[in-house]
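Here is a short note to read beside the model.

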Amino acid sequence: MREEESTSPPQQREVGERVSYETPDSRLQQNLCCARRNETEGTESWVPERKMGRWDCAEDVAPKRDGCWRWRGCSNVVVVVVVTVLVMMMCGSVQCYNVDTVTAVVHKGEPGSMFGFSVAQHIDQSTNWVLVGAPRAQTSQPGVEKGGAVYRCRTDRVNSCQEIPFDILGNNIRYNKTAYVDVEDKSNQWFGATVQSSGENGVIVACAPRYVYFSATMDKREPVGTCYVNVASTTQYIEFSPCKTGNSWGYHRQGSCQAGYSVAISQGGKKLLIGAVGSWYWQGQLYNYNSRDKAEYSSTSEGPPDDDDSYMGYSSAVGDFDGDGTDDYVVGIPKGASHLGKVAMFTQDLGNINNITGDQIGAYFGAALAVSDLNKDGLDDIIIGAPFYSDFEGTDYETGRVYIYYQTETHEFKNQKRDILDGKSSMSRFGMALTRLGDINYDGYNDLAVGAPFAGEEGRGAVYIYHGSTKGIITEVSQIVEPKDVDTGLSAFGAALSGGWDQDGNLYPDMIVGSYGSDQAVFLKTRPVVRVYASLRIDPKDINIEQKSCSLMDDTRVACFKVYSCLEYDGVGVPDELYFDASWELDVLQRNLTVNEQRAFYTNNPMSFRENNTYKLTYKNVMCTNSYAYVKNDPLDKLTPIAVDFKFKLHETPSSRRKRDLQPVLDQYIPTSSRTEAQIQKECGPDNKCIPDLSLVSFRITAAHIIGSGTELEIMVIVENRGEDAFNTKLFTTLPPGVSFRNRAAVSSVVPIGCGTVNNIVICDLGNPLPSGEKSSFTLRVSAQDTNETTDSLVFYLQVNSTNPENLVDTQDNAAEVEIPVTASADITVYGRSDPEQVILNTTRIYRPGPDDNQRIEHLYQLRNLGPSATKEIELQILWPSHDRRGNPILEIEGKPQLNGTATCNVMLITPENATKYGFARPGGGGNIQVVLPSDQDEFEDAQKGDGVVLGCSSRRCTVIQCLVGYLRANGNFLITIKSRLNVRSFARRRDDAEVYHIRSSASARVKSLPYKLASVDVSRFAIARQSVFTTVNTDRLKPGSKKVEIWVIALAITAGILVLLLLILLLWWCGFFKRRKPEDEGYMVAGTMSANVDNKIYE
């Protein structure tokens, strides 16, 4: 059961090695926290910079180094500063951090007014305003068509905007001696294209860069541009139009200067920089005014012709770039340096300080600028947008790029000290707008927003949030705000940006995004960030599973341990009370295995290894809890540590997130879980680390595998451990294709051995552990009925290892390779019979005329493959006695032989005329003789057999049937039937020679090839199968002649008859057959005798 408890500041203990904390971006390694590894506890602790004095560690904090506090001492509860991510509804991993889209305030202008082309934050008399420029807005100025306007909108109410009356008059007029005429044209002047504020209770500047002024003679109408300054907290407006002088007409001077294309306010609103991009052949010009006295100003002069068409003053920002503590200016020159783009820095008197040049022609390097100290070194860094940057090596173009140049201690900006942020999609124009955000997540570092007005879904735009760190910007984007997160109708979202000021009172800077494509502007608030301090500890750290100190509900004794966890939170602007969802999971390193291999469980629920709970925490108060768990008896894995994960997040209910509520969020950069480990105690010496030394020896017992034999193959395996205990020792045997595992035998081991198969690998458990100095041996039995028939050998790969690794030098004898040759063998045989087996010739009919004097005779041959392997081709040849040596016909073949099986057969007749063409030598002989049959010469000669003469083929007269039999599996058969007619008249002419003849046909078969590509098989060594079939012809009598009976048969018959007779006599005697009774024994009287005691009886 989990118990809660409060915790006092812990006692200090010994400190281990200091290590870095890895994060998704290496720049965070020393940003938020420092890490220390405690070798005793086996866990890591992080100390945030802001919280360096928590839990009595203030006096033990070493001097800050690289933005990090180093501990000299630490608590006995391992503290882990873990800041987790709260994933809000409908938010992805980078779509939702602490810029809140749920509470966004959207303002909409008149259609077509380009409302949102420029935006700025402003605070006046404690009232927060969103300043929005609408350069195509129709105002109430008489005679002015779409002159443009600037609106101030509320931060707490949608569509609550009012026009700021910078200029309520129409065009100024002048009397030219005949009539009053306009001296300027405010129509389409794009008033509101530029809007800036100097901050709280500061001045507001709005410009119309396309404002047109007429010459005195009315023959020149040129876009000189103009700006208006609203004096702080008043209704007083001052116009600044530096090129409306009346004596610098023409684009070769200030006639097309378009003053107000950019502005920058410095020194708390006292100084106003106006960029005029069209002066002197569009070289561009700068004017730096006293915002309260337009007569007091300085300006830049015309440059060399090489500077023509460079647009100096396209963008501008304020910072200190020379270290004098006074505001300087940085301006963009996007077409300078031969169209590479350039950024120039100037002092208040417009003296050039430094320049930065772009690295791609046409990228518009300097189109947008922002200044902020991103690495907290006290020096202003410059952020430069290049929205037309393209990846010419790929297919994307105008993806955009942002450069961050860090100011060095010598006030230089070097390419070696810069970071680059790249857009991800074509035409997104990433970097068209930039703004400093201030520290929106209160980590101590300023942050940055980048606008890409044509990125995202359907090219509607997006804003990218990046966070600063001790080493500068974190190049991995923190959050992407897209139109769909705010309002689906937004377009060109991110074309204008403004941020850095808190406008909702929660101490976190907010942001404004312009979306002129849909005539909208969006005010986005930022959510408070909660920082959580978590600790996790297991007691004891070394678990002795033999010490069973706990009992389960069924009284089973087990080894148990205790899990301690603590939580605390703080943060700027966070609630005094928060609810947290916490979860624990035991033995997390085993999650890739089955549930049956789970080793740790909770004692209050023996089948559970997870716990979940919700806790209420108060600001800066520690909540601690503990629970009891146990290790099951005899776990399979005793080597892997028992790891416990502790995870938590802010608790949220559906009702806790209303439209106007701004809920806190957990920081996203630090992992969401804490982990600690405990070891299972082992007999491995003081260090509790076992280093085995396994040795494997293996060899084959089976000499070879014969395809089709079905016999098991045996491999001998011997494993020895010459080192310390080897845990989960396993032998892995990779089987060749087609080979399957059968069993193990002849086991000799001190530990049980079990084997099983996973896919084609046999895995044998050899002990957990296999003790030091012990040896295990056994025979591995496999079968290979389905082996790869084109492999000359079966190769088995054996590998032995354990979960505790060996020294590298000791692993050379952990593997073995066993090769079993593969061969094939086929034993063939031939069977035969005659139908009929005997023919009786009726001599009285031989000379009688008749239609058919011949007897039909059939010889049947059966070719059988006895295996074990199949055959591909077998040569079968049959010598058929169609004629005797004298040329007399004997058995004349009728038709083609009948086949039962796959074969092709040819029939050849050998006569004295063609006998020289054929020979009867064995295969391999030389010359041009065609080999008909491998046979012995005596098979072609007539010979005596018993009581008759054998008639067969002669070397000059014979019919040869030659067949090539196809594939024949083991135990397969092939049948051939030869039908013929016996020529009886031929035998009549031979009657004087003999009375009985034995007509012989002979068959011979040999294996020609096997269906296996095996180099070890030589079919020429296979035995040749032979068989002869005889048909007996009797020409002496109609009935078969008597045969001589052997003497031993006669003797055996006599002996058997005598024995039967004796047995019969013995049986009759036993039955009393030979015992005769006299009449008087039956009580009869014999004639001539009398007895007084017996009645008279007559016996005839």
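1. Of the contacts in the chain with a separation of 6 or more, 68% are between residues 24 or more positions apart. Contact means heavy atoms within 4.5 Å.

2. Some ground rules. This is a predicted model, where local features need pLDDT of at least 70, side-chain atom pairs count only at pLDDT 80 or more, and totals for chains, interfaces and linings use all residues. Residues are numbered from 1 along each chain as its sequence is written, and side-chain values use heavy atoms, with hydrogens and water left out.

3. Secondary structure. The chain has six helices and 76 strands. These are DSSP runs: helices are H or I, at least four residues, and strands are E, at least two, numbered from the N terminus.

4. Burial. The chain has 1100 residues, and 51% of them count as buried. Buried is under 20% relative accessible area, exposed is over 50%, and partly exposed lies in between (1.4 Å probe, protein chains only).

5. How many disulfides does a search of the whole structure find? It finds eight. The criterion is a pair of cysteine sulfur atoms within 2.5 Å.

6. C566 and C624 form a disulfide, with sulfur atoms 1.9 Å apart. C566 sits in strand β44 and C624 in strand β48, 58 residues apart. Both cysteines are buried.

7. C905 and C963 also form a disulfide. C905 is in strand β68 and C963 in strand β73. The S-S torsion is about 110°, so this link is right-handed. C905 is partly exposed at 25% relative accessibility, while C963 is buried at 3%.
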